[in-house]
Amino acid sequence: MSNLKAFCFLSLALFASVKGDVPPPCDSEIYCTGPILHQVQEAKLFDDDKHFVDMKLRSAPDDVLSAFRNLSSKFPNTTIPPVKLEEFLNTSFDQPGTEFESWAPPDWHEKPNFLSGIADDKLREWAEKIHGLWKSLGRKIHSDVKDHPELYSQIYTPHPVVVPGGRFRELYYWDSYWVINGLLLSEMTDTAHGMIQNFLYLVNRYGFVPNGGRIYYERRSQPPFLTLMVESYYQATKDKEFLRAALPVLEVEYQFWMENRSVDLELNGKQHVLNRYYVEAGLPRPESYLDDLELAEGLTDGKKEQLWMDLKTGAESGWDFTSRWYIADGGDNSGTLRDTRTSQILPADLNALLCRNEKTLASFHRLLGDSDSAAVYDQAAARRLEAIESVLWDAERGAWFDYNLMTRSKNFEFYPSNLGPIWAQCYSQPEMGEKAVQYLKGSGALQFPNGVPTSLKESGQQWDYPNAWPPLQHMLIDGFSKLPSEDAKKLAFDLAQRWIKTNWLAYIKYEAMFEKYDVNGDGKPGGGGEYEVQLGFGWTNGVALQLLDQYGATLTSGGRRV
């Protein structure tokens, strides 16, 4: 293993096709890099590497660093024995959680209106229990984080939040879209408003929304759903003044993605611009430090930096991790986690999301009477639509596929993301929608009782078979439900019935909502990946409530199969 300096190298080299400024790195010598982080994580003092980087300092960082240097100087190679290291942590740090105050959302109330539309008595009672979970997932950041930010890895935001749950004890970006949609159904508009204000605050501070509410996430974002959060809130409240205030901030975020996450591509003599995930930080992730060190063992320093950059890029995608991001030596995705090359892939779903954002930004400008600005975003959406259909669409297969920049070819493996443009309504010909229905039916992904798997490859990673994830189920169902054909609408309902049934059965068994589920069995949580399956769970609750609202008259707790 290389010396510590190799682990602390920050790769700032830009690919020629990437535009824009690099976000500032986290400069904490305790939470993001440096000898304390290295020794604590290598000593395996905690089951989860995230535990240490969420602990609070008891005194100023310089004092803690000085005490650590004094202690380490007493031992050979400055390596502190685990017992002494634990004593140092007990003296210098508080346990995670002190950054939050207890908070119950004041706008929570019993019996929101949507419950009355759920015909099945058992599902209605369950929906009430899910509605009640918002109270346990509320968090308010302690004022001391604002007054003494140097003592915390927590990023201060001014409004309380609803968090995912489990180890995810802070705000997360793309999770919050489904959380906010659930809160709006629960008639908790003040809580939803505050969460959106937090994201606008983060864009004003960073120029984009970080992955989550920790300083070690400051170099990476997540799928950019803020524009759609604002759309959901506006549809629920018709608050035009809020929209007017938010819109310039949404445009700042959009510019970040276009300047820092875009690629110029020439295909068949035509120039296109599409987007990718891309994090320029060649260091181990602090919250998964030891995993990243061990994964990179035996690689050259340059290959280590590349791998760590692509792992962080995978985290930015929200799909951390998956064989979808593997590029093995042969150019396919047959490799292992060490073959993760997320930055070299143009994802179909990211580009569909940005297409929907562009159309939504255009509609916001029209609502506010600015037809010139609306036209700019209409044109951006039209350009992207042309690029998506030139580069990602496959007419023979009837779906959209990720594009591999290294092999200059599509990845034809099945992922629900191949149907992202249906959800985004970003396609030009009606027959594309019907082709997409036939693609899903012929993909082999509908043979499982509990939902659509994230892939058909069992890699051991959590964003692969046999796991099914709430946001992907919802995007499929929402997309197909908007297609004109009865066949598509029936497919959407059948997928909703499967998903609600597996969520409900697992709740009956475990009295919990999980972040992901297994597509096989009779209602059980998913597995794999870097950590144990988490309970809570923000986006699962939001998706379940949305489906119970949309299909409440016909869903049954007894279930039904295609």
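**Figure 1. The second largest pocket of the predicted model.** The volume of this pocket is about 400 Å³. The lining is made by 25 residues, and those nearest the centre of the pocket are Asp 27, Ser 28, Pro 149, Glu 150 and Ile 215. Three helices each give at least two residues to the lining: H4 (61-72), H7 (143-147) and H9 (189-206). By residue class, the lining has 16 nonpolar, two polar and seven charged members.

**Figure 2. The largest pocket and the helices around it.** In the model, the largest pocket has a volume of about 500 Å³. Its lining consists of 20 residues. Tyr 177, Ser 232, Gln 235, Arg 356 and Lys 482 are the lining residues that lie nearest the centre. Two or more lining residues come from each of helix H8 (175-185), helix H10 (226-237), H14, H16, H18 and helix H20 (538-550). The lining divides into six nonpolar, eight polar and six charged residues.

**Figure 3. Asp 478 in helix H18.** Helix H18 is one of the elements that give two or more residues to the lining of the largest pocket, and Asp 478 is found in this helix. The relative accessible area of Asp 478 is 11%; this is under the 20% limit, so the residue counts as buried. Leaving aside residues up to four places away in sequence, Asp 478 touches Arg 356 and Trp 423. Of these two partners, Arg 356 is also among the residues nearest the centre of the largest pocket.

**Figure 4. The largest cavity.** The structure holds four cavities of 30 Å³ or more. The largest of them has a volume of about 280 Å³. It is lined by 24 residues, and Phe 168, Tyr 172, Gln 222, Asp 320 and Tyr 531 are the closest to its centre. The lining comprises eleven nonpolar, five polar and eight charged residues.

**Figure 5. The second largest cavity.** Of its 19 lining residues, Trp 174, Asp 349, Ser 417, Leu 472 and Met 475 come closest to the centre. Helix H14 (348-367), helix H16 (420-424) and helix H18 (470-481) each give two or more residues to the lining. These three helices are also among the elements that give two or more residues to the lining of the largest pocket.

**Figure 6. Asp 49 and its contacts.** Asp 49 is found in helix H3, which covers residues 49-53. The relative accessibility of Asp 49 is 11%, and because this is under 20%, Asp 49 counts as buried. Not counting residues up to four places away in sequence, Asp 49 touches Gln 41 and a run of residues made up of Pro 286, Glu 287, Ser 288, Tyr 289, Leu 290 and Asp 291. For Leu 290, the side chain of Asp 49 reaches the backbone nitrogen at 2.7 Å. Phe 88 gives a distance for orientation: Asp 49 and Phe 88 are 39 residues apart in sequence, and their C-alpha atoms are 17 Å apart in space.

Definitions and conventions. Residues are numbered from 1 along each chain as its sequence is written. This is a predicted model: local features need pLDDT of at least 70, side-chain atom pairs count only at pLDDT 80 or more; totals for chains, interfaces and linings use all residues. Side-chain values use heavy atoms; hydrogens and water are left out. On a 1 Å grid over the protein atoms alone, a cavity is a set of points where a 1.4 Å probe fits but cannot get out, and a pocket is an open set with protein on both sides within 12 Å along at least five of seven lines; lining residues have an atom within 4 Å of a point. Grid points are joined across faces, edges and corners, and a volume is the space filled by probe spheres set on the points. Ala, Val, Leu, Ile, Met, Phe, Trp, Tyr, Cys and Pro count as nonpolar, Asp, Glu, Lys and Arg as charged, and the others, Gly among them, as polar. Helices (H or I, at least four residues) and strands (E, at least two) are DSSP runs, numbered from the N terminus. Buried means under 20% relative accessible area, exposed over 50%, partly exposed in between (1.4 Å probe, protein chains only). Contact means heavy atoms within 4.5 Å. A polar contact is a pair of N or O atoms within 3.5 Å; within protein, one must be able to donate a hydrogen and the other to accept it, and residues adjacent in sequence count only if both atoms are side-chain atoms.
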